[in-house]
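Me: Hi! Could you walk me through a structure I have just opened?

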Amino acid sequence: MLLRSAASALLRTSAEIPSLCPVSTVRFIRQSLRYPPRNRPFSTSVCLCKKKKKSLWLQQAEGQTMDGNIEEILAPLRLAVKEQGDLVRQMKQEGAPDVDVTKAVAELKARKRTLEAKELALQPKDDIVDRTKMEDTLKRRFFYDQAFAIYGGVSGLYDFGPVGCALKNNILQVWRQHFIQEEQILEIDCTMLTPEPVLKTSGHVDKFADYMVKDVKNGECFRADHLLKAHLQKLMSDKKCTADKKAEMEDVITQMDNFTQQELTDLFVKYSVKSPTTGNELTAPMSFNLMFQTSIGPGGNMPGYLRPETAQGIFLNFKRLLEFNQGKLPFAAAQIGNSFRNEISPRSGLIRVREFTMGEIEHFVDPNDKVHPKFPNVADLEIMLYSSKAQTSGQSAHIMRLGDAVEQGVINNSVLGYFIGRIYLYLTKVGVAKDKLRFRQHMDNEMAHYACDCWDAETKTSYGWIEIVGCADRSCYDLKCHARATKVPLVAEKLLKEPKTVNVVQFEPNKGALGKAYKKDAKIAMEYLSVCDECFITEQEQLLNETGEFTIETEGKTFTLTKDMVSVKRFQKTLHVEEVVPNVIEPSFGIGRIMYSIFEHTFHVREGDEQRTYFSFPATVAPYKCSVLPLSPNQEFVPFVRELSEAMTKNGVSHKVDDSSGSIGRRYARTDEIGVAFGITIDFDTVNKTPHTATLRDRDSMRQIRAEVSELPVIVRDLANGALTWAEVESKYPIFEGQETSKKDTAEE
């Protein structure tokens, strides 16, 4: 009865937001009756304290939850998620059939999406950026624009203009300082062209794909699952659609991520899906690999791809990096560079593109010693965490001390926790708003089978919550895969304090049987078997016992091995030096997505003037740190402009001289619009009085101080480096109220 009442309430509230993909919550009543959820206390909290200036999500996180009426709306949605989460856990514990578990998990995800969509729909209106006005500013001031625009443009490809390029470079420079320099990480730069065998081993060739369909007449492509979902939603919105038919189509939408190619084909036929732009027939869904394929060399005999990520280059150079680090663990390597994904339907500006810049770190650590010595430095950070448990219980993200999260096992280990803390500090340093940033933990069904734990840094934008950084504990999967494929051991050696006896598991090939079956290729198979790890051997042994054979692939050849060709040998061995396959903690940064989040979080409209927009970029990453603005075109001003510009350059301060005609207010507005942090104005007092002084203006507060010209470059440098705050500047120098001399005084002199 409780589930039915929650479902009814959800249907009522979902009806209020038809644009948010309504999802029925009564589909799994049958499974719910077979696996009744355990009774657990459920409570909703009501906000008693309203703080207008804090965002909705931060209020929730601090326990000051939303207005009672809002919470009443969300309560049944939270309950529906909690019920389904309990059901999924119970089904797994009781060994329910995989097909039932998969359906129940899909339903859980659907309920989660509905809850989050409703929460976002209820956010305060002043918390939403005017995306149209912001994008107009970005395009007009050439932060970035669609590539090849004069040829009509290409979706998913963008060119950065002078301001966007400067901002991006500054974001990357801070990234290098924050991670590579402070953590003493080894930076490398690998080629973007990657031979096919490398990406075959990593799994990208076989698994990095989506299904697409084509318009049979004009060849226009659509991503199959997105198109089918949109088509079904259109059919469901028809008043003639019966309740049974709606429920059936909702089931299809819920299971969308689980359909095979043939099942998708059958659904396209069943629901008569046509091209949404032309109404033409479509091809059957076909698998489309998202990598850009090419050939290396003139003969075309070596297939390759543009890399879909930068990480593989680091894994392949592990042996050299370990030698460079004198054979010691732990150590980290990093790489910044472009990656490529041939998206079927690129959209949402910089969020989903075909070429993008990544910053990736691979921190190699002893799997038996996942403790970071510098974790106490970040343990007291208060960060908004959205744990897997909270997601499956219908709860919201909440602020938690990082040290407590590791101690309580919410975060798997202190190495992962340390990097989450460092990522948080970096993102807030470059301009991501603290109250619009959360770390969401992957649920069990989202994580790769080899991952121990995984968290995404997500920012709240006008598109909803988007992932901008992934931080995963990938265990030792990548190194083992490449070691197995290349027969090169990718291990570190650890000197043991005392000898120890270990159990060894290895393949024992029957050379005669292998030689008879595979002739000269038998040597290739035996070399492969000799470097297999215990986990792989155990898996294949199980197959050998169950089916009498297993298959391996190496050097482009496939070998089917039977019981008479290979067996598994177990014995004990005394070790003085232990070989360790390191685990990998991988923070992966999408620079374009970080930039977009900063755009939204720093975009403002001046109070009282809707036409004056500006970006409040932190001075550290602002495209230009300072503008130099002579009040008059008179020649008397030129030496001061030159002196300031040269001094700024010597102090490493990027600046922009604007000596164009127009009022000083209009020029301030122009520089504010591109996020210039500070402005120096050379006025008539600068020319007429000694010592020569000029004004320094802060972009965000628009307040000004007056200081000697010779001091200003150093002040701006320290402000830009974070060594000085504007409040400290105001306390040291006089506030500027207005100049005392004028053009007339200059003429008289």
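What follows is a short chat about this structure.

Reply: Happy to. This is a predicted model, so to speak of local features we need pLDDT of at least 70, side-chain atom pairs count only at pLDDT 80 or more, and totals for chains, interfaces and linings use all residues. Residues are numbered from 1 along each chain as its sequence is written, and side-chain values use heavy atoms, with hydrogens and water left out.

Me: How many helices and strands are there in the protein?

Reply: The protein has 28 helices and 28 strands. These are DSSP runs numbered from the N terminus, with helices being H or I of at least four residues and strands E of at least two.

Me: And what percentage of the residues is buried?

Reply: Buried residues account for 52% of the 749 residues. Buried means under 20% relative accessible area, exposed over 50%, and partly exposed in between, with a 1.4 Å probe and protein chains only.

Me: Let's look at helices. How do the axes of α10 and α12 cross?

Reply: Helix α10 (residues 224-236) and helix α12 (residues 261-270) have axes that come within 11 Å and cross at roughly 35 degrees. The axes are lines fitted to C-alpha atoms over the stretch in contact, and angles run from 0 to 180 degrees between N-to-C directions.

Me: Which residues make that contact?

Reply: From α10 they are A224, L227 and L228, and from α12 they are L264, L267 and F268. Contact means heavy atoms within 4.5 Å. By class, there are six nonpolar residues, no polar and no charged ones. Ala, Val, Leu, Ile, Met, Phe, Trp, Tyr, Cys and Pro count as nonpolar, Asp, Glu, Lys and Arg as charged, and the others, Gly among them, as polar.

Me: Switching to sheets: what is the strand order in the nine-strand one?

Reply: That open sheet runs β3-β10-β11-β21-β16-β15-β14-β12-β13, with mixed pairing. Two strands pair if DSSP finds at least two bridges between them.

Me: Which strands stand at the edges?

Reply: They are β3 (186-187) and β13 (398-401); each has a single partner strand, so one side of each has no neighbour in the sheet. Elsewhere in the sheet, β14 (residues 437-441) and β15 (residues 453-461) run antiparallel, joined by five bridges. F439 stands opposite A457 in β15.

Me: Now charges. How many salt bridges does the structure hold?

Reply: It holds 44 salt bridges, each being a side-chain nitrogen of Lys or Arg within 4 Å of a carboxyl oxygen of Asp or Glu. One of them joins E248 and K270, at 3.2 Å from N to O. E248 lies in helix α11 (residues 243-254) and K270 in helix α12, so this pair ties together parts 22 residues apart in sequence.

Me: Is E248 buried or partly exposed?

Reply: E248 is partly exposed, at 26% relative accessible area.

Me: What about R697 and D672: how far apart are N and O there?

Reply: Their salt bridge is 2.9 Å, N to O. R697 sits in strand β27 (residues 693-698) and D672 in helix α24 (residues 664-673), so the pair ties together parts 25 residues apart in sequence. R697 is buried, with a relative accessible area of 5%, and D672 is buried at 2%.

Me: Which other residues of α24 are buried?

Reply: Besides D672, the buried residues of α24 are R667, Y668, T671 and E673. What covers the buried residues includes α6 (131-140), β26 (678-682) and β27. Just after α24, G675 takes a positive phi of about 80 degrees.
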